[in-house]
Amino acid sequence: DLKEKFRKLYDLEVKSWTYNDDYLSDEDELYQTETFGLIAEDVAEVLPEAVYHNDNGDIDNYRDRHLINAMLVLLQEQKKSIDSLESRLEALEKKEA
């Protein structure tokens, strides 16, 4: 079940970092600025299909498209839960009135 598989994304921690000087050129817009995101190795642990590897077989980065689609499934699931809870709350409030 995709939903169950995607729920593991909830465990991912968004981290912040500043790239090392030897990683980016001083002309890159991210040079010496704090940025945030996911660590590809962390993504690989919970959703291996969402990462790609370099020619050496090492994890290179994560696929934004995969993560966005997986997160959309989770958001849709949350919306259904919220809608259901709101309906139940409305029914309870009508009983009390």
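Because its relative accessibility is 26%, Ile59 counts as partly exposed; that label sits between buried (under 20% relative accessible area) and exposed (over 50%), using a 1.4 Å probe and protein chains only. This is a predicted model, so local features need pLDDT of at least 70 and side-chain atom pairs count only at pLDDT 80 or more, while totals for chains, interfaces and linings use all residues. Numbering runs from 1 along each chain as its sequence is written, and side-chain values use heavy atoms, with hydrogens and water left out.

Ile59 belongs to strand 4 (residues 59-62); strands here are DSSP runs of E, at least two residues, numbered from the N terminus. Setting aside neighbours within four places in sequence, Ile59 is in contact (heavy atoms within 4.5 Å) with Ala40, Glu41, Ala44, Val51, Tyr52 and His53. From Ile59 to Pro48 the C-alpha distance is 9.8 Å, with the two 11 residues apart in sequence.

Over in strand 2 you'll find Thr35. Is Thr35 buried or partly exposed? Thr35 counts as buried, because its relative accessibility is 14%. Not counting residues up to four places away in sequence, Thr35 touches Lys15, Ser16, Trp17, Tyr19 and Leu30.

Then there's Asp21, in the loop between strand 1 (15-18) and strand 2 (34-37).

| Residue | Relative accessibility | Class |
|---|---|---|
| Asp21 | 47% | partly exposed |
| Thr35 | 14% | buried |
| Ile59 | 26% | partly exposed |

How values were computed: Helix = DSSP H or I, 4+ residues; strand = E, 2+ residues; numbered from the N terminus.
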